Amino acid sequence: MSGNARLAVRLVRGGGVAGIVRLALMIVGVAVGVAVGTLVVVLPSILDDRADRSSARLPVPTVAAGGRPTTFLFALVDDSWHGERFSRVLLAQVDAAAEPPPGLERFPAPGEIVASPAAAELLATEPGLAARVPGRVVAEITPAGLLDPDELFAYVGLTPEQLQDGSEASGFGVGFQDDMVRELFDGVPRELAVLVLAPAAIYLIVCGRLAAATRARRYAALRLLGMRRGAVLRVAATEAAIAGGLGGLLGVFLYSLLSPLLARNHALGFTWFPEVGALDALDTTAIVLVTVVLSGAVGALGLRQSLSRPLAARVSVEEPRARWWLLVPLTVGLGLMLPVIVRPLTAPPGSRVVYSDTQVNLVLAGMVLAAVGVLLAMRPIVAAAARVAAHPAAPLPLRLAGRRLSGAPASVLRVLAGLAVLVLVGGVSAGVLRDDELAAGPEVDAFTVTVDAHRAASAEVRGRIAMLAAEHRWTVQYSEASPPAGLGPPESAAERVAMFGLAMVTAPCTEIQVLIRAALPSCRSGGQYRLVDAALVGTADEVPAGVTVTFEDEVGAKVSYRTPEAVLAVDGLERSPLHVSSGVLVAADRPLFGWGRDVTMHFVVAEPESNVEEFKSAVLALDPTAAVNVHMRNLGAMEAYRVHRGTISTGVLVGFVLGAAAFVISAVDRAIERRRDVVSLLVLGMPLRTVRASQLFQIVLPLLAVLAMAIGVGHLAGNAWLQLNGRHQGWYGGTLTTMLPLAGIGIAAGLGAGMIVVGRKIRAEDMRRE
Amino acid sequence: MLSAENLTLSYGNTVALANASATVRRGEVVALVGPSGSGKSTMLYCMAGLLRPDSGKVVLDGVDLTKLDDDSRSDLRRRDFGFVFQFAELVPELSLRENIELPLELNGVGRRERRARVQELLHELGIEEQADRRPAKVSGGQAQRAAVARAIAHRPRVIFADEPTGALDSQNSLVVLDALIKLASMDDTAVVLVTHDPQVADRAHRTVHMRDGTAGL
């Protein structure tokens with residue numbers, strides 16, 4: 001061991017209890033940083049693995065298989081169970097050589113279900129769900145065939161006759177990554193990195209700079225003794241590297257505990273197989289080496305002042321004065337957000353305000369400016385709080401705290417900044433997530449369900465589905481469409497109908513009147529009418545009378561149809577649940593040409609949402625191949641929302657806990673550095689409670705000021721975002737319910753740290769200067 | 001008035017005090033002298049109730065300090081004792097004026113009375129001009145004079161001074177020492193001071209020599 005390394009080890013060992021505590025905190029700090037950093041670094045590979053697993057089980061259509069023969073038919077059913085995706089692959093073997101999909105030992109025979117463990121459990125306990133999947137569960141899919149341990153997924157064996165309309169396939173495993181799966185999680189590592197790594201970095205810096213003043217004096221003393229700059233750097237680097245190396249090892253251990261927990265508990269909004277995120281010996285070695293090198297570099301870099309100006313390190317540096325112009329960005333930012341925030345208070349209830357692009361950009365700029373402004377405003381705000389506390393008439397503990405705060409070091413503000421940003425992010429995220437939630441599944445009184453049963457075994461099955469109990473029902477059938485001859489738009493209404501097809505809506509007059517919320521006195525049962533939105537009458541979008549189009553009947557035969565003369569112009573037809581702006585209405589219970597394959601059935605199912613699940617079960621029990629779509633319930637968007645909510649919530653929480661830990665450690669470190677001052681006060685006979693109260697004020701006062709500012713701005717910014725998007729009516733309190741617990745954690749941590757009075761036991765050595 | 005009787009105190013295997021005794025009477029200035037490591041400061045801290053001896057007792061007007069709990073000893077220090085250390089040990093965030101005012105405030109003295117007493121001491125010690133500066137902004141001598149003022153402000157019964165001039169040049173040493181003795185005598189306050197400076201010891205009414213943890217005249 002070199003002389004410098006020996007000296008570094010001696011300095012580490014010779015630091016006494018305070019030195020050991022500091023070393024321990026640094027090791028823990030590095031360990032936490034390494035554990036979180038490793039997770040962020042490993043996440044993309046976990047997500048890649050997920051996408052690879054998805055690709056490996058996608059059936060390869062024969063047309064894309066490069067000459068390989070068809071071995072099975074398949075159809076994908078994208079279903080959900082109470083908001084959880086439950087995908088099923090319907091399979092019908094046509095060749096004995098058909099290879100089983102990943103995770104299965106053999107190809108499922110007709111009537112057999114091979115389900116994921118989570119799906120198998122649900123199918124066994126939920127008859128409603130079991131009704132949707134024909135057959136019996138004969139085996140479970142092994143992890144090799146699943147995206148995650150909690151996935152609801154199943155392969156359902158059918159006969160080729162049952163799956164006549166299925167796609168032909170030659171095997172499983174497309175040669176490219178499933179982008180849809182990858183994209184869903186794309187933001188996760190980035191969000192975690194921003195939310196967790198930034199506070200982790202602050203935490204590491206705080207731990208790295210523990211007892212900074214003491215250490216700076218020590219290294220400056222070595223320089224004054226004549227030790228060369230490089231040698232001091234090596235001593236400092238070695239000292240930091242020791243903590244870094246031990247922290248790296250502990251961090252890897254911490255990660256090995258943390259990763260399986262996160263993998264299984266939906267903390268990030270999704271789960272994964274723990275072994276995917278496991279580290280091997282090479283990874284561990286690399287991580288420890290990186291932490292050793294980085295810690296050494298940080299340790300050496302932190303010594304610039306002691307090395308270049310050794311005398312300066314021996315005196316306290318006065319902090320710069322707070323400048324009031326630092327409040328300007330916050331003020332301007334709030335000013336830019338104000339119109340959007342105030343608008344809902346002045347606008348009539350239920351009305352939706354539409355903002356121009358300029359207004360949106362200004363508000364977004366205001367949000368960014370206000371966030372930056374919170375950070376800049378901290379120094380003047382803390383200084384103002386300190387000035388009020390330090391008033392000569394204030395009680396002694398408050399006055400002392402105020403005096404100490406008036407020179408609040410930059411390190412205090414840095415740590416406070418970390419907490420403020422996380423609270424702010426928590427508030428804005430709550431607003432953004434609320435908007436995402438409303439976008440994925442807005443609150444509705446009734447659900448519109450569309451059923452496409454074109455693979456159903458018979459027209460009779462479609463007819464039975466159409467008769468299922470629902471609040472309202474109607475069908476839509478499109479006529480054959482001819483591809484456009486040129487690139488230009490259709491020149492006449494007739495050409496438009498030919499190009500895009502004609503929508504034939506079938507429903508009794510009574511149903512139609514309820515759906516369009518208007519009386520149709522001219523509607524007669526059995527009548528046929530051209531149906532058009534009142535706003536489109538006379539335009540090219542109005543279906544002309546006397547145009548002939550072709551429909552398919554329930555046996556697949558072509559049937560010509562001529563559009564009628566009679567017309568029904570309906571106000572707001574486009575916005576009605578029919579989702580048709582023009583077409584033909586047949587006022588009847590049954591489609592004009594029977595239950596053809598291209599007849600889509602539409603239903604209105606009343607809330608609660610469990611009714612929809614029952615309805616879906618009823619449909620799928622009749623036709624397991626049916627595609628059932630619930631309007632305003634975007635499964636992909638809901639999954640994305642859950643992943644973002646999990647990632648952001650976990651990220652903010654972990655980040656905040658790290659930030660709060662940094663805050664506590666920094667406060668305790670300052671308490672240790674202040675030991676002699678505490679002893680002098682106690683020697684004077686100052687009661688311990690006065691010393692403690694002063695310390696509590698000193699810690700909690702700036703924390704309260706900064707958190708109050710962050711909560712205020714976070715609440716306004718979160719609501720500004722919601723108002724811009726217009727999905728949420730009125731003020732949203734969820735921003736506060738997110739931020740207040742975070743602030744509570746911070747304040748509790750501050751109070752805890754403030755209670756620790758270092759120096760309460762008077763020692764002889766504390767009464768003598770070094 | 002204050003007597004230390006047969007004090008014994010060890011730090012691990014190191015004996016700091018071995019049956020050491022000393023007394024100080026009202027208005028008397030007693031200097032504890034001796035070589036480094038002889039136990040002078042330890043003796044002072046035990047007499048002041050800052051350290052609790054392993055055995056022996058410290059009696060102030062009939063009350064044994066070693067039998068008092070921590071709060072009672074805090075009250076005693078606040079009310080009856082004053083302290084001056086080698087380095088002023090002023091509260092860095094408070095001005096000299098506020099530092100001097102601190103013991104009065106802790107003892108519940110009214111604001112008007114506090115102000116008057118502080119002004120008197122500032123004038124007496126010649127640091128009026130520096131009164132509103134913080135300790136870091138004044139010289140060592142000025143800070144030590146403020147420390148003397150703070151020790152005497154609440155008119156304690158005993159002032160304990162641990163090397164009060166140890167960090168000062170000879171001129172400042174004499175100014176600080178004379179001020180301490182003069183102000184103490186005005187209030188009939190006893191002073192126990194630790195020093196290894198013969199010049200300082202000469203100003204005391206009585207000298208107690210310490211060697212290897214024992215004391216003698």
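Predicted model: local features only at pLDDT ≥ 70, side-chain atom pairs only at ≥ 80, totals over all residues.
**Entry 1**

I started with the meeting of two helices: in H12(A), I found A:Val360, A:Val363, A:Leu364, A:Met367, A:Ala370, A:Val374, A:Ala377, A:Met378, A:Ile381, A:Val382, A:Ala385 and A:Ala389 touching A:Leu701, A:Pro702, A:Ala705, A:Val706, A:Met709, A:Val713, A:Ala717, A:Ala720, A:Trp721 and A:Leu724 in H21(A). I sorted that contact by class and got 22 nonpolar residues, with no polar and no charged ones.

Next I looked up the geometry. H12 covers residues 357-389 of chain A, and its axis comes within 8 Å of that of H21(A), crossing at roughly 165°. Angles over 145 degrees count as roughly antiparallel, so that is how I put down H12(A) and H21(A). I noted the crossing of H12(A) past H21(A) as right-handed.

**Entry 2: H13 on H21**

I stayed with H21, residues 688-725 of chain A, and checked helix H13, residues 396-406 of chain A. Their axes lie 8 Å apart, and the packing angle is about 50°. H13(A) and H21(A) therefore go into my notes as oblique to each other. This crossing of H13(A) and H21(A) is right-handed.

Who makes the contact? From H13(A) I listed A:Leu396, A:Pro397, A:Leu398, A:Leu400, A:Ala401, A:Arg404 and A:Leu405. From H21(A) I listed A:Thr690, A:Ala693, A:Ser694, A:Phe697, A:Gln698, A:Leu701 and A:Pro702. By class, I have 10 nonpolar, three polar and one charged residues here. A:Leu701 and A:Pro702 of H21(A) had already turned up in my list for H12(A).

**Entry 3: the sheet**

Then I went to the strands. I found an open sheet of eight in chain A, with mixed pairing, and wrote down its order as E14-E11-E15-E10-E9-E16-E8-E17. Which strands sit at the edges? They are E14 (567-570) and E17 (627-630) of chain A, and each of these pairs on one side only. On average, I have neighbouring strands turned by 25° against each other, ignoring direction.

I picked one pair to follow up. E11 (residues 528-533) and E15 (residues 582-586) of chain A run antiparallel to each other over five bridges. For A:Arg530, I found A:Val584 as the bridge partner in E15(A).

**Entry 4: helices on the sheet**

Last, I checked what packs on the sheet. Helix H15 (residues 459-466) of chain A touches E8 (446-452), E9 (472-478) and E16 (599-606), and its direction makes about 25° with that of E16(A). Helix H17 (residues 509-516) of chain A packs there too, touching E9, E10 (503-506), E14, E15 and E16. I put the direction of H17 at about 95° to that of E9(A).

Terms used
Residues numbered from 1 in each chain as written. Chains lettered and ligands numbered in written order. Heavy atoms only, no water. Axes fitted to C-alpha atoms, helices over the stretch in contact; angles between N-to-C directions. Helix = DSSP H or I, 4+ residues; strand = E, 2+ residues; numbered from the N terminus. Parallel < 35°, antiparallel > 145°, perpendicular 65-115°, else oblique. Left-handed = near helix turned anticlockwise from the far one by under 90°. Contact = heavy atoms within 4.5 Å. Nonpolar A, V, L, I, M, F, W, Y, C, P; charged D, E, K, R; others polar. Pairing = 2+ DSSP bridges.
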